[in-house]
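Reader: I have a model open on my screen and would like to talk it through with you. Could we go over it question by question?

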Amino acid sequence: MGMSVTISVATEQDAEQIFRLQYLCFQSEAALYGNYRIDPLVQSLDSVRQELAGDCVFVARLGEEVVGSVRGSVTEDGAAAIGKLCVHPRLQGHGIGARLLRAAEEALAEQRGAKKFRLFTGHRSEGNLRLYRRVGYETVGTSKGADGVPMIVLEKPASTYATTA
């Protein structure tokens, strides 16, 4: 009998697994842009620990292994900034990313009062864009990441998370 993937709130003990998973998962994004200085690849373990302490962080687990993660926090304008969504390459395409996204959206809306959700993804990241659009996000603009990568900004109202994720 196989194990199923579970989604749960991340704990302090997950920091190193999240850090390693993030580094693995964002290699393909870095290659897509020819830029290995993107934030998820240069983030320190201490910074991941700080996010775990203050942000809304969820993980996907297969047994004891962290195979996915996502983070979110509510910004001053009432929007929930969701980021660093990643799923282990061997498990991509099975709905784990959408489940993580839904968990983050639910917690950010119900526990932290988010009025809308906002996320950023690279302009060449077609798989990410497909997922986000499929669960109700719409393009609202563009920006440039601190690493120079052109980004697409997507948003959706917090009231829609339950019906679209």
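This is a predicted model: local features need pLDDT of at least 70, side-chain atom pairs count only at pLDDT 80 or more; totals for chains, interfaces and linings use all residues.

Reader: Let's begin with two helices: is the crossing of H1 and H4 left-handed or right-handed?

Author: H1 and H4 pack with their axes 9 Å apart, at an angle of about 120 degrees. The contact draws on Ala15, Glu16, Ile18 and Phe19 of H1, together with Leu45, Val48, Arg49 and Leu52 of H4. The crossing of the two helices is right-handed.

Reader: And which word describes how H1 and H4 lie to each other?

Author: The angle between H1 and H4 is about 120 degrees. Angles of 65 to 115 degrees would count as roughly perpendicular, and those over 145 as roughly antiparallel. H1 and H4 are therefore oblique.

Reader: Within what arc do the buried residues of H1 fall, seen down its axis?

Author: The buried residues of H1, which spans residues 15-25, are Ala15, Ile18, Leu21, Gln22 and Cys25. In an α-helix, residues three or four places apart point the same way, because there are 3.6 residues a turn. The buried residues of H1 line one face of the helix, so the arc that holds them is 130 degrees.

Reader: Which strands are included in what covers those buried residues of H1?

Author: The cover includes helices as well, namely H2 (27-33), H3 (39-42) and H4 (45-54). The strands included are E2 (56-62), E3 (65-74) and E4 (79-87).

Reader: On H4, which exposed residues does the face turned away from the buried side carry?

Author: Start with the buried side of H4, made up of Leu45, Val48, Glu51 and Leu52. They cover an arc of only 115 degrees around the axis, which puts them on the same side of H4. H1, E2, E3 and E4 are included in what covers them. The face turned away carries the exposed residues Asp46, Gln50 and Ala53.

Reader: I always check cysteines: how far from the sulfur of Cys25 is the nearest cysteine sulfur?

Author: Both partners lie inside: Cys25 is buried at 7% relative accessible area, and Cys86 is buried at 4%. A disulfide needs the two sulfur atoms within 2.5 Å, and the count here comes to 0 disulfides. For Cys25, the nearest cysteine sulfur belongs to Cys86, at 4.2 Å.

Reader: What is the phi of Lys84?

Author: Lys84 is in strand E4 and is buried, with a relative accessible area of 16%. Most residues other than glycine have a negative phi. Lys84 is not a glycine, yet its phi is positive, at about 50 degrees.

Reader: Last one: which residues does Met3 touch, not counting those up to four places away in sequence?

Author: Met3 lies in the segment before strand E1 (5-9) and counts as exposed, at 62% relative accessibility. The residues Met3 touches are Leu62 and Gly63.

Methods
Residues are numbered from 1 along each chain as its sequence is written. Side-chain values use heavy atoms; hydrogens and water are left out. Buried means under 20% relative accessible area, exposed over 50%, partly exposed in between (1.4 Å probe, protein chains only). Helices (H or I, at least four residues) and strands (E, at least two) are DSSP runs, numbered from the N terminus. The arc is that of the directions from the helix axis to the C-beta atoms. Contact means heavy atoms within 4.5 Å. Axes are lines fitted to C-alpha atoms, for helices over the stretch in contact, and angles run from 0 to 180 degrees between N-to-C directions. Angles under 35 degrees count as roughly parallel, over 145 as roughly antiparallel, 65 to 115 as roughly perpendicular and the rest as oblique. A crossing is left-handed if the near helix is turned anticlockwise from the far one by less than a right angle, and right-handed if clockwise.
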